[in-house]
Amino acid sequence: INSFERPPHYLIGIAFRPNSESILVSTYPLAWILDAKSGTLVQSFILGPRCCGRVEFSPDGQTIAFSNQLWDVNNRKLIRELDTNLTSLSFNPDGTKIVSVHSNQSLRQPSEVKVWDFKSGQLLNKTQGGVPNKIQDLAFNANNKNILIAEGDNGIIRDSRTGLILQTLNRKVTTVAFSPDARTLVTGNQDGTMQTWDAITYSPQNTLSGHTGSIRRITFSRD
């Protein structure tokens with residue numbers, strides 16, 4: 001549909017802004033909001049030294065999460081920082097919670113999945129016992145019940161309240177996303193393919209190819 005010249009920095013994240021015709025392109029140490037049709041610059045941000053991971057808009061489009069930092073879009077001001085060692089995060093569909101992955105500095109210890117209250121920044125719960133220390137991405141589904149996690153060797157579906165594993169997707173998964181209607185999930189894989197899955201039965205549907213390397217990020221438009 002469209003393509004833009006790559007920003008002159010290392011690309012680390014991309015996201016559609018809800019209820020708008022713009023996209024967020026994040027590099028380090030800069031990020032841009034661009035018009036999705038023309039590529040025209042709308043806003044720019046200078047990021048902090050730890051903003052080097054997953055980027056995502058809140059469902060209302062008013063907040064951007066740059067790694068562990070939450071920014072007000074309109075004022076371009078830092079709201080707060082979450083815990084350190086954050087490697088990936090995702091808002092839940094109504095914007096009231098954030099789920100995040102935190103890597104342990106010691107590779108002998110597993111990473112943790114944490115759930116936060118968005119408004120207060122309070123830690124609500126975390127996965128007891130930890131999870132494998134190779135998590136690369138995660139996403140809430142649209143009904144708030146499940147979290148899809150890319151653990152490198154597999155895609156893992158966990159109950160967002162208990163942390164229990166509900167299903168394992170046997171692909172070498174690097175990035176994940178749920179469709180807005182919660183009917184489909186997509187995994188980006190190490191072999192350069194994208195796989196769509198039925199989000200209810202977890203049965204594979206279509207394999208999309210065309211990339212020459214590992215898939216780094218996947219995002220759905222809101223429609």
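The model is predicted. Its largest nonpolar core has twelve residues, and a second, separate core has eleven.

**Nonpolar cores**

- The largest core is made up of Ala139, Leu148, Ala150, Ile157, Leu169, Val173, Val176, Phe178, Leu185, Trp197, Ala199 and Tyr202.
- At least two residues of this core come from strand 14 (146–150), and at least two come from strand 17 (173–178).
- Strand 17 is the biggest contributor to this core, with three residues.
- The second core is separate, and among its eleven residues are Ala15, Ala31, Phe57 and Val73.

**Tryptophan 197**

- Trp197 is one of the residues of the largest core.
- Beyond its neighbours within four places in sequence, tryptophan 197 is in contact with Leu169, Arg171, Arg183, Thr184, Leu185, Thr187, Tyr202, Ser203, Pro204 and Gln205.
- Of these contacts, Leu169, Leu185 and Tyr202 also belong to the largest core.

**Threonine 174**

- Threonine 174 is placed in strand 17.
- Its relative accessible area is 6%, so threonine 174 counts as buried, the cut-off being under 20%.
- Leaving out residues up to four places away in sequence, threonine 174 touches Gln136, Asp137, Ala150, Gly188, Asn189, Gln190, Ser214 and Ile215.
- One of these, Ala150, is also a residue of the largest core.

**Arginine 158**

- Arginine 158 is found in strand 15, which covers residues 155–159.
- Arginine 158 is likewise buried, because its relative accessible area is 10% and the cut-off is under 20%.
- Asparagine 146 is twelve residues away along the chain, yet its C-alpha atom is separated from that of arginine 158 by 5.6 Å.

Notes:
Residues numbered from 1 in each chain as written. Predicted model: local features only at pLDDT ≥ 70, side-chain atom pairs only at ≥ 80, totals over all residues. Heavy atoms only, no water. Core = buried A, V, L, I, M, F, W, Y, C linked by side-chain atoms within 4.5 Å. Buried < 20%, exposed > 50% of the residue type's maximum accessible area, 1.4 Å probe, protein only. Helix = DSSP H or I, 4+ residues; strand = E, 2+ residues; numbered from the N terminus. Contact = heavy atoms within 4.5 Å.
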